[in-house]
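Please look over the sequence and the model shown here before reading on. The report then takes up a few local features in turn.

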Amino acid sequence: MMLSRAKPAVGGTPPPGDRRRKKGKKVPQLEELLAMRDFTGAIALLEFKRHVGEQEEDADLWIGYSAFHLGDYKRALEEYEALTKQPSCSPDVWVNLACTYFFLGMYTQAEQAALKAPKSRLQNRLLFHLAHKFSDEKKLMSSHQNLQDITEDQLSLASIHYMRSHYQEAIDIYKRILLDNREYLALNVYVALCYYKLDYYDVSQEVLAVYLQQVPDSTIALNLKACNHFRLYNGKAAEAELKNLTDSASSSFEFGKELIKHNLVVFRGGEGALQVLPPLVDVIPEARLNLVIYYLRQDDVQEAYNLIKDLEPTAPQEYILKGVVNAALGQEMGSRDHLKIAQQFFQLVGESASECDTIPGRQCMSSCFFLLRQFGNVLIYLNSVKSYFYNDDTFNFNYAQAKAAIGNFSEAEEVFLLIQSEKIKNDFVYLSWLARCYIMNKKPQLAWKLYLKVETSGESFNLLQLIANDCYKMRQFYYSAKAFDVLERLDSNPEYWEGKRGACVGVFQMILAGQEAKETLREVVHLLKSTGNSQVEYIVRIMKKWAKENRVPL
């Protein structure tokens with residue numbers, strides 16, 4: 001409608017007869033434009049009449065109404081506020097003004113305006129939603145009791161169920177309404193959104209297809225379809241779904257453009273996050289959460305904490321993210337308090353009736369037990385969801401650590417080696433656990449290779465200590481001696497000489513028992529001679545004597 005109205009005539013100036021016919025063409029009436037939901041046309045007509053002095057009855061009210069339905073809430077606010085200042089203002093204007101305040105996020109003003117309006121079903125629905133925004137359970141229940149079994153009230157109730165994460169209850173209401181009103185096609189989008197929230201992405205797609213067959217250019221529906229593709233496939237598939245939308249989105253859908261910009265950042269793995277997300281933090285609720293995730297991925301834990309510390313969580317995702325941020329900050333700062341808070345958030349989600357049997361819920365319980373160092377319980381929960389995360393590096397990293405922590409080093413090694421992420425593979429936690437697995441699985445030479453790869457890094461000293469001590473415990477004295485030798489050269493601590501001495505004597509003992517190659521003795525003697533300790537000469541003399549008697553060249 002808007003395009004045809006703006007389209008210029010083709011072929012230059014029309015002949016006089018045509019011009020007369022155009023003059024006789026009927027100008028659409030306000031009622032027709034409103035019936036066709038052509039709110040832009042309605043505003044244009046009303047403003048034109050206002051400009052030429054042909055004032056339509058209730059013109060200001062209809063301009064406010066049209067602006068509201070176009071999503072131009074600031075314009076609607078100007079019209080309604082002006083009307084409330086007129087002596088002849090209808091009391092019903094107050095509830096319209098309250099709705100506008102609500103959509104602008106001005107909830108206190110919305111409540112004040114709503115209470116000035118006469119009692120009505122619309123006022124009750126608005127107060128119902130405001131009670132939810134204010135977390136006022138008493139007022140919420142009071143408004144709930146005033147709801148009737150009519151479509152508008154039931155839709156309002158379904159909306160509250162959705163916002164309180166009661167998605168199945170919302171679906172039940174929507175389906176009941178759809179049974180009696182098949183023409184309410186848009187309800188399929190709401191049902192699809194609920195299924196999306198329940199992680200049933202394929203079901204969400206099927207329900208959404210019913211609506212998209214009739215309205216193929218819907219901004220909200222196409223955006224939800226893209227989100228389903230993101231969950232089912234990947235970011236590229238999701239972005240492809242949004243391409244037509246980004247190319248054609250009109251100025252009438254500014255709210256849609258903000259949502260699309262936000263989602264494109266998510267689909268692109270955080271690309272452009274710092275340019276797009278900060279202005280949307282108080283516009284789109286998920287923008288704050290996704291900006292926190294971006295900071296976490298950039299290892300900027302403090303910035304992530306600053307952004308989320310004052311957020312009062314209401315949804316499982318918010319509790320989980322606050323838990324993750326507190327866990328990361330607690331580990332970075334060595335803060336038991338933050339780790340305790342994280343553990344409590346994870347436990348709260350994992351034990352909740354709505355989340356206990358979901359994948360995120362079970363991950364939360366595993367994280368809770370991980371922080372409590374109860375690794376047997378960690379594995380109970382991770383085993384129940386591991387089929388969904390076979391190629392997930394983060395999952396495998398945690399799974400392998402839990403396996404190693406209970407002494408199952410063979411399986412832990414296998415899982416550690418599935419990890420592809422270079423960032424994780426360069427992490428000291430990964431290197432130290434994998435080195436320990438190698439040693440416990442009687443592969444000390446692989447642990448030594450790990451050390452040689454990171455020889456110049458700041459963590460190499462700690463890795464050497466682990467190799468030296470674990471190899472000693474496991475009677476793998478040769479690599480223990482090599483590690484203690486390097487440690488001794490880096491630090492003159494006498495404990496390293498004592499460790500090296502014990503390991504070298506251990507190697508000699510293994511040679512005598514036929515459990516180590518005789519040729520190894522040459523390197524052991526060399527390692528001992530590199531130390532300027534009075535005990536060296538005595539030990540070397542005994543080794544040389546044995547070597548001579550057994551014809552072992554040194």
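Predicted model: local features only at pLDDT ≥ 70, side-chain atom pairs only at ≥ 80, totals over all residues.

Helix α23 covers residues 359-371 and helix α24 covers residues 375-385; the two pack with their axes 8 Å apart, at an angle of about 160 degrees. Because angles over 145 degrees count as roughly antiparallel, α23 is described as roughly antiparallel to α24. Their crossing is left-handed.

On the α23 side, the residues in contact are Ile359, Arg362, Met365, Ser366, Phe369 and Phe370. They meet Phe375, Asn377, Val378, Tyr381, Leu382, Ser384 and Val385 of α24. By type, the residues of this contact comprise nine nonpolar, three polar and one charged.

## The buried side of α24

In α24, the buried residues are Phe375, Val378, Leu379, Leu382 and Val385. These residues lie on the same side of α24, because the arc they cover around the axis is only 130 degrees. Among the elements covering them are α23 and α25, the latter formed by residues 393-405.

## The buried side of α33

Helix α33 runs over residues 520-529, and within this helix Thr520, Leu521, Val524, Val525, Leu527 and Leu528 are buried. Their arc around the axis is only 160 degrees, so they sit on the same side of α33.

## His338

His338 is located in helix α22, which spans residues 336-350. The relative accessibility of His338 is 14%, so His338 counts as buried, the cut-off being under 20%.

Leaving aside residues up to four places away in sequence, His338 touches Tyr305, Asn326, Ala327, Leu329 and Gly330.

## Two serines with positive phi

Ser135 is not a glycine, yet its phi is positive, at about 55 degrees. Ser135 belongs to the loop that joins α9 (121-133) and α10 (137-145). With a relative accessibility of 56%, Ser135 counts as exposed.

Ser165, also a residue other than glycine, has a positive phi near 65 degrees. The loop between α11 (151-163) and α12 (167-180) holds Ser165. Is Ser165 buried or exposed? Ser165 is buried, because its relative accessible area is 16% and the limit for buried is under 20%.

How values were computed. Residues numbered from 1 in each chain as written. Heavy atoms only, no water. Axes fitted to C-alpha atoms, helices over the stretch in contact; angles between N-to-C directions. Helix = DSSP H or I, 4+ residues; strand = E, 2+ residues; numbered from the N terminus. Parallel < 35°, antiparallel > 145°, perpendicular 65-115°, else oblique. Left-handed = near helix turned anticlockwise from the far one by under 90°. Contact = heavy atoms within 4.5 Å. Nonpolar A, V, L, I, M, F, W, Y, C, P; charged D, E, K, R; others polar. Buried < 20%, exposed > 50% of the residue type's maximum accessible area, 1.4 Å probe, protein only. Arc of directions from axis to C-beta.
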